[in-house]
Amino acid sequence: MTNARGKQVARALTIAGSDSGGGAGIQADLKTFQELGVYGMSALTAVTAQNTTGVLAVHPLSPEAVVQQMEAVGSDIGVDALKTGMLFSGDIIAAVAGSIQSHGWTNVVVDPVMIAKGGAALLQSEAVEALIRELLPLTTVITPNIPEAECLTGMVIRSSADKREAAKRLAAFGVAYVLIKGGHDAGPLSTDLLFDGTQFIELEGIRVDTVHTHGTGCTFSAALTAGLAAGMSVSEAAHQAKAFIQAAIENGIAIGHGRGPTNHWAYGRVQAALR
């Protein structure tokens with residue numbers, strides 16, 4: 001796809017739930033795509049009633065409705081990279097995986113959204129096996145946080161060595177790259193671990209003392225997806241995503257009465273100030 005001046009436009013699709021509060025889900029994804037100069041599209045899997053205090057209700061769409069959105073986008077605009085977020089059920093996961101295969105889409109980022117920060121379940125327990133069986137073999141990069149990595153691997157992660165073992169186990173499911181986020185690490189640093197099946201790369205960031213972290217996982221994976229859509233390597237996209245989320249957390253937005261969202265426009269302003 002090109003713009004009016006004939007310049008190639010990168011296209012990214014998010015397949016995820018809607019966050020009425022605007023801090024996570026497809027809202028966070030589309031904001032992130034826009035900030036990184038990528039044309040964003042969406043296929044909703046569920047509508048949530050949500051704000052900074054938590055998830056009040058979840059209303060899933062049918063698998064057919066999700067696939068129809070994917071087909072509408074794929075048959076007309078095209079997709080350079082895509083990410084999945086909240087998929088909710090095994091039926092939706094199977095339908096999404098089938099659609100990805102039928103279109104032959106690559107650059108697939110899976111953010112295995114399982115539990116909201118407030119504790120609400122965003123993935124049914126029966127869906128975890130479907131995620132492993134149906135979607136992970138199609139995945140370019142999976143971006144779990146530590147609790148999600150523990151759930152998927154069945155192990156406890158308490159150390160750097162544990163994190164590396166978990167990455168190996170996730171790669172064994174057929175994933176090309178594993179990126180375990182370090183937001184739950186103890187200490188002054190938040191260290192993400194990227195594994196390509198052979199080598200490990202650590203991406204370090206300064207831990208920020210803030211409660212305004214709503215949407216961090218969605219935003220990080222969206223920034224990674226945007227990088228892949230724009231033609232970056234996985235390593236380049238991961239470094240960009242780390243810088244994007246670091247700026248977003250450092251400049252979090254104190255709105256609402258609970259966990260405020262990260263700041264999706266902070267990265268662009270930081271970059272502009274450095275020019």
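Okay, hi everyone. Some ground rules before we look around. The model is predicted, so local features need pLDDT of at least 70 and side-chain atom pairs count only at pLDDT 80 or more, while totals for chains, interfaces and linings use all residues. Residues are numbered from 1 along each chain as its sequence is written, and side-chain values use heavy atoms, with hydrogens and water left out.

Let's start with the sheet. It is an open sheet of nine strands with mixed pairing, and the order is β3-β2-β1-β4-β5-β6-β7-β8-β9. Which strands stand at the edges? Those are β3 (54–60) and β9, and each has a single partner strand, so one side of each is left without a neighbour in the sheet. Two terms here: strands are DSSP runs of E with at least two residues, helices are runs of H or I with at least four, and both are numbered from the N terminus. Two strands pair if DSSP finds at least two bridges between them.

Now some of the pairs. Strand β1 (residues 11–19) and strand β4 (residues 81–84) are parallel partners with four bridges, and Ile15 sits opposite Thr84 of β4. Further along the order, β6 and β7 also run parallel, joined by two bridges. There, Ile142 faces Val178 in β7.

Then we get antiparallel pairing. β7 (residues 177–180) and β8 share three bridges in that sense. Ile180 stands opposite Leu193 in β8, and Leu179 has Leu194 of β8 as its bridge partner.

Is β8 mostly covered or mostly open? Strand β8, residues 189–195, is mostly covered, with six of its seven residues buried. By buried I mean under 20% relative accessible area; exposed is over 50%, and partly exposed is in between, using a 1.4 Å probe and protein chains only. As a general point, side chains in a regular strand alternate between the two faces of the sheet.

There's also a helix on this part of the sheet. Helix α8 (residues 234–250) lies across β6 (141–142), β7, β8 and β9, and runs at about 15° to β9. For that angle, axes are lines fitted to C-alpha atoms, for helices over the stretch in contact, and angles go from 0 to 180 degrees between N-to-C directions. Contact means heavy atoms within 4.5 Å.

Have a look at the turn of the β8 and β9 hairpin. Four residues lie between the strands, and Gly197 takes a positive phi near 100°. Thr198 is in that loop too, and Thr198 counts as exposed because its relative accessible area is 65%. Thr198 and Ala171 are 27 residues apart along the chain, but their C-alpha atoms are separated by 9.9 Å.

Back to Thr84, in strand β4. Why does Thr84 count as buried? Because its relative accessibility is 0%. Leaving aside neighbours within four places in sequence, Thr84 is in contact with Ile15, Val96, Val109, Val110, Asp111 and Leu135.

Phe88 has a positive phi near 70°, and it is found in the loop between β4 and α3 (90–103). With 14% relative accessibility, Phe88 counts as buried. Asn107 has a positive phi near 55° and belongs to the loop between α3 and β5 (108–110). Asn107 is partly exposed, because its relative accessible area is 23%.

Last stop, the cavity. A cavity is a set of points, on a 1 Å grid over the protein atoms alone, where a 1.4 Å probe fits but cannot get out, and lining residues have an atom within 4 Å of a point.

Which residues line the largest cavity? They are Gly85, Leu87, Ile93, Val110, Asp111, Pro112, Val113, Leu123 and Leu131. That lining divides into seven nonpolar, one polar and one charged.

Okay, that's the tour. Thanks, everyone.

Conventions. 1 Å grid on protein atoms, 1.4 Å probe; cavity = no way out; pocket = protein on both sides within 12 Å on 5 of 7 lines; lining within 4 Å. Nonpolar A, V, L, I, M, F, W, Y, C, P; charged D, E, K, R; others polar.
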